[in-house]
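Me: I would like to go through this model with you. Could we begin with the overall architecture and then turn to particular residues?

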Amino acid sequence: MKISDLKAFVDKTVTLRMTDGEVIKARVDWFSEEYDDIIVDVLESTRSQPYDPACAYTIAAAEIVQPKSLPKDDLD
């Protein structure tokens with residue numbers, strides 16, 4: 001993905017399909033055109049080791065295969 005494709009997802013909860021097969025449900029907080037990445041709060045993941053809920057994470061745009069906004073009903 002390109003960072004320009006991800007700008008629309010700021011302040012939204014999304015499902016991110018990653019190049020390595022991981023699927024992440026996250027809240028997109030911010031994007032950086034300079035570094036070509038997004039900063040997210042990870043809510044759920046298919047990864048075997050959990051993410052720390054107290055931390056924000058940086059995800060490179062190039063590692064994202066497909067972003068998808070979640071309906072408002074899925075945010076709870």
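**Architecture, core and local features**

Reply: The protein has a secondary structure of 1 helix and 5 strands. The model is a predicted one.

Me: In which pattern do they follow along the sequence?

Reply: The pattern, read along the sequence, is α-β-β-β-β-β. The radius of gyration is 11 Å, close to the 11 Å that the globule rule gives for 76 residues, so the protein is as compact as a globular protein of that length.

Me: And what box do the C-alpha atoms fill?

Reply: Taken along the principal axes, the box is roughly 30 × 25 × 25 Å.

Me: What percentage of the residues count as buried?

Reply: Of the 76 residues, 33% count as buried. The accessible surface comes to about 5000 Å², and carbon and sulfur atoms account for 48% of that surface.

Me: Let us take Ile-38. Which residues does it touch, leaving aside those up to four places away in sequence?

Reply: Ile-38 touches Ile-3, Leu-6, Leu-16, Val-28, Trp-30, Phe-31, Tyr-57, Thr-58, Ile-59 and Ile-64.

Me: Tyr-57 is on that list. What about aromatic pairs: how many are counted?

Reply: The count comes to 1 aromatic pair. Tyr-51 and Tyr-57 form this pair, with 4.8 Å centre to centre and 80 degrees between the planes. The arrangement is edge-to-face because the angle is over 60 degrees.

Me: Is Tyr-51 buried or exposed?

Reply: Tyr-51 counts as buried, at 17% relative accessibility, because the limit for that class is under 20%. Tyr-57 is partly exposed, with a relative accessible area of 23%.

Me: Which residue lies over the face of Tyr-51?

Reply: Arg-47 does, at 4.0 Å from the ring centre.

Me: A change of topic: backbone angles. What is the phi of Asp-11?

Reply: Asp-11 has a positive phi of about 70 degrees, although it is not a glycine. Asp-11 is placed in the loop between α1 and β1 and is exposed, with a relative accessible area of 52%.

Me: And where does Asp-36 lie?

Reply: Asp-36 lies in the loop between β2 and β3. Asp-36 is not a glycine either, and has a positive phi of about 60 degrees. With a relative accessible area of 32%, Asp-36 is partly exposed.

Key:
Residues numbered from 1 in each chain as written. Predicted model: local features only at pLDDT ≥ 70, side-chain atom pairs only at ≥ 80, totals over all residues. Heavy atoms only, no water. Phe/Tyr/Trp six-rings, centres within 6.5 Å; stacked < 30°, edge-to-face > 60°. Buried < 20%, exposed > 50% of the residue type's maximum accessible area, 1.4 Å probe, protein only. Lys NZ or Arg CZ within 6 Å of the ring centre and 35° of its normal. Contact = heavy atoms within 4.5 Å. Helix = DSSP H or I, 4+ residues; strand = E, 2+ residues; numbered from the N terminus. Rg over C-alpha atoms; globule rule 2.2 N^0.38 Å. Areas by Shrake-Rupley, 256 points an atom, 1.4 Å probe, with all protein chains shown as cover.
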